[in-house]
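Dear colleague,

Please find the structure below, handed over for your use.

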Amino acid sequence: MTTAPILVIYAHPAPQRSPANRRLAAAARATPGVQVQDLYELYPDFDIDGERERALLSAAHLVVFLHPFRWYGMPSLMKEWMEQVLQPGWAYGKGECALRGKGYWLVTTTGSGPDAYRPGGLHGRPFADFLAPFEQTAALCGMDWIEPLVLHGAARADEATIEAHAAEFRRRLAGYAGLALAASTPYTGEA
Ligand SMILES: Cc1cc2nc3c(=O)[nH]c(=O)nc-3n(C[C@H](O)[C@H](O)[C@H](O)COP(=O)(O)O)c2cc1C
């Protein structure tokens with residue numbers, strides 16, 4: 001089993017119909033020091049290998065969660081991954097937690113544009129409100145929350161917008177990978 005300082009947990013239920021996330025996953029795969037776990041490819045029957053996933057997490061400094069927003073949260077296999085992998089007594093609880101001090105970076109896309117995420121808009125509240133469960137998951141596990149990278153309006157984004165976003169993602173990943181490899185200590189959250 002190979003390990004990398006940056007682990008990207010990627011979940012897209014229909015990657016063949018994914019202009020945005022598929023491109024972001026490709027950008028991650030092309031970045032040295034980054035390993036991509038494509039959950040729907042690895043676990044099409046939802047039978048997640050928790051031990052293997054925990055070993056990969058233990059070796060990483062930064063965990064990136066890459067997925068489209070679905071019903072105001074994560075795709076179902078990503079949720080299953082959380083349930084099977086983030087076990088009490090390992091990821092959180094009394095004593096030393098395995099994920100403490102590692103970075104938690106959500107990289108996601110939405111179908112709606114930013115205007116839909118406001119009081120009176122289609123989704124009724126700011127997008128940040130929907131991030132509370134993610135942020136609290138990081139906090140419970142003692143992980144360092146990194147401001148999410150979000151592409152709003154991804155469903156209608158043109159080629160150039162997606163390309164620019166993927167390039168920014170890759171630039172940030174390369175920065176974090178460089179920091180992690182150079183220091184061999186948890187990154188500082190700046191890249
Ligand atoms: C079942 C389902 C649920 C979705 N839920 C949301 C949502 O809660 N908020 C939103 O803005 N977009 C939602 N979308 C739109 C997707 O987030 C959007 O199509 C995706 O981010 C585009 O990325 P992709 O090109 O990689 O598929 C949903 C789409 C589907 C199919």
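A polar backbone atom of Trp71 lies 2.8 Å from a nitrogen atom of the ligand, a polar contact being a pair of N or O atoms within 3.5 Å (within protein, one must be able to donate a hydrogen and the other to accept it, and residues adjacent in sequence count only if both atoms are side-chain atoms). Ser18 places a polar side-chain atom 2.5 Å from an oxygen atom of the ligand, and a polar backbone atom of Ser112 is 3.2 Å from an oxygen atom of the ligand. On its own the ligand has 640 Å² of accessible area, of which the protein covers 77% (Shrake-Rupley method, 1.4 Å probe).

This is a predicted model, in which local features need pLDDT of at least 70 and side-chain atom pairs count only at pLDDT 80 or more, while totals for chains, interfaces and linings use all residues. Residues are numbered from 1 along each chain as its sequence is written, and side-chain values use heavy atoms, with hydrogens and water left out.

The shell around the ligand holds 17 residues, of which Ser18, Asn21, Phe69, Thr109 and Tyr117 come nearest (a residue is near if one of its heavy atoms lies within 4 Å). Eight of the shell residues are nonpolar, seven polar and two charged; Gly counts as polar, and Tyr, Cys and Pro are among those counted as nonpolar. Helix H1, residues 19–29, gives the most to this shell, with three residues (helices are DSSP runs of H or I, at least four residues).

The ligand takes the space of the largest pocket (more than half of its atoms lie within 2 Å of the grid points). A pocket is an open set of points on a 1 Å grid over the protein atoms alone, with protein on both sides within 12 Å along at least five of seven lines; a cavity is a set where a 1.4 Å probe fits but cannot get out, and lining residues have an atom within 4 Å of a point. The largest pocket has about 340 Å³ of space. Its lining comprises 19 residues, with Pro68, Phe69, Thr109, Thr110 and Gly111 closest to the centre. H1 again gives the most, with three residues.

One cavity of 30 Å³ or more was found in the whole structure, and the largest cavity holds about 40 Å³. Its lining includes Leu57, Phe65, Trp81, Tyr104, Thr137 and Met143, and divides into nine nonpolar residues, one polar and no charged.

Yours sincerely

Notes: Points joined across faces, edges and corners; volume = space filled by probe spheres on them. Helix = DSSP H or I, 4+ residues; strand = E, 2+ residues; numbered from the N terminus.
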